[in-house]
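Hi everyone, thanks for making time this morning. Please have a look at the model on the screen, and I'll talk you through a few parts of it.

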Amino acid sequence: PSLLYLSIEVLYVVLVITKIGLEIRVRPAYGLVRDAITHVPLDLAVVRLMTAADSRLIMTRVTNAQGKFFALPPPGKYTVTITKPGYAPFTKHDVDIKQAQDAAIQITADLLPVIPQMGLQKARQALV
């Protein structure tokens with residue numbers, strides 16, 4: 001019987017570790033900012049969280065080298081704006097945070113690269 005109990009206990013530990021791993025993969029506790037075309041994570045993008053009702057700034061975060069940011073605001077409705085030089089701004093309205101234990105902003109934002117007008121004009125002249 002001791003070998004049976006040991007195998008059941010090992011199976012239980014494996015199942016618990018699997019459950020924890022799946023929860024972490026399914027629900028990351030961070031937001032992600034990346035390039036919309038290449039899906040490369042973007043560092044140093046500025047993430048601003050404002051109240052939906054009066055556009056009052058609640059917090060500002062900057063993405064790390066992996067394009068991740070962590071924001072834990074109080075419950076409420078928010079507008080998230082993400083900016084980075086060389087990219088079009090990203091805005092998501094009515095982000096609803098309901099509970100304190102589930103309050104991390106968990107969005108993936110894909111920023112579109114913007115071609116500067118001077119660069120576009122030079123490219124057109126080169127073709128002519």
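Let's start with Val62, which is partly exposed at a relative accessible area of 48%. By that I mean between the two limits, since buried is under 20% relative accessible area and exposed is over 50%, with a 1.4 Å probe and protein chains only.

Before I go on, a word on the source: this is a predicted model, where local features need pLDDT of at least 70 and side-chain atom pairs count only at pLDDT 80 or more, while totals for chains, interfaces and linings use all residues. Residues are numbered from 1 along each chain as its sequence is written, and side-chain values use heavy atoms, with hydrogens and water left out.

Back to Val62, then, which sits in strand 3. Strands here are DSSP runs of E with at least two residues, helices are runs of H or I with at least four, and both are numbered from the N terminus. Leaving out residues up to four places away in sequence, Val62 touches Leu44, Ala45, Lys68 and Phe69; contact means heavy atoms within 4.5 Å. From Val62 to Arg48 there are 14 residues in sequence and 8.8 Å in space, C-alpha to C-alpha.

Arg48 itself stands opposite Thr60 in strand 3. Strands 2 and 3 run antiparallel and are joined by five bridges; two strands pair if DSSP finds at least two bridges between them.

Now zoom out. What is the strand order in the open sheet of four strands? The order is 3-2-5-6, with antiparallel pairing. Strand 3 (57–62) and strand 6 (90–97) are at the edges with a single partner strand each, so one side of each has no neighbour in the sheet.

Two threonines next. Thr51 lies in strand 2, residues 46–51, and counts as buried because its relative accessibility is 11%. Beyond its neighbours within four places in sequence, Thr51 is in contact with Arg56, Ile58, Lys77 and Tyr78. Thr81, in strand 5 (residues 76–83), is also buried, with a relative accessible area of 15%. Setting aside neighbours within four places, its contacts include Val46, Arg48 and Phe90.

Last stop, helix 1: Val13 is found there, in residues 2–26. Val13 is partly exposed, with a relative accessible area of 42%.
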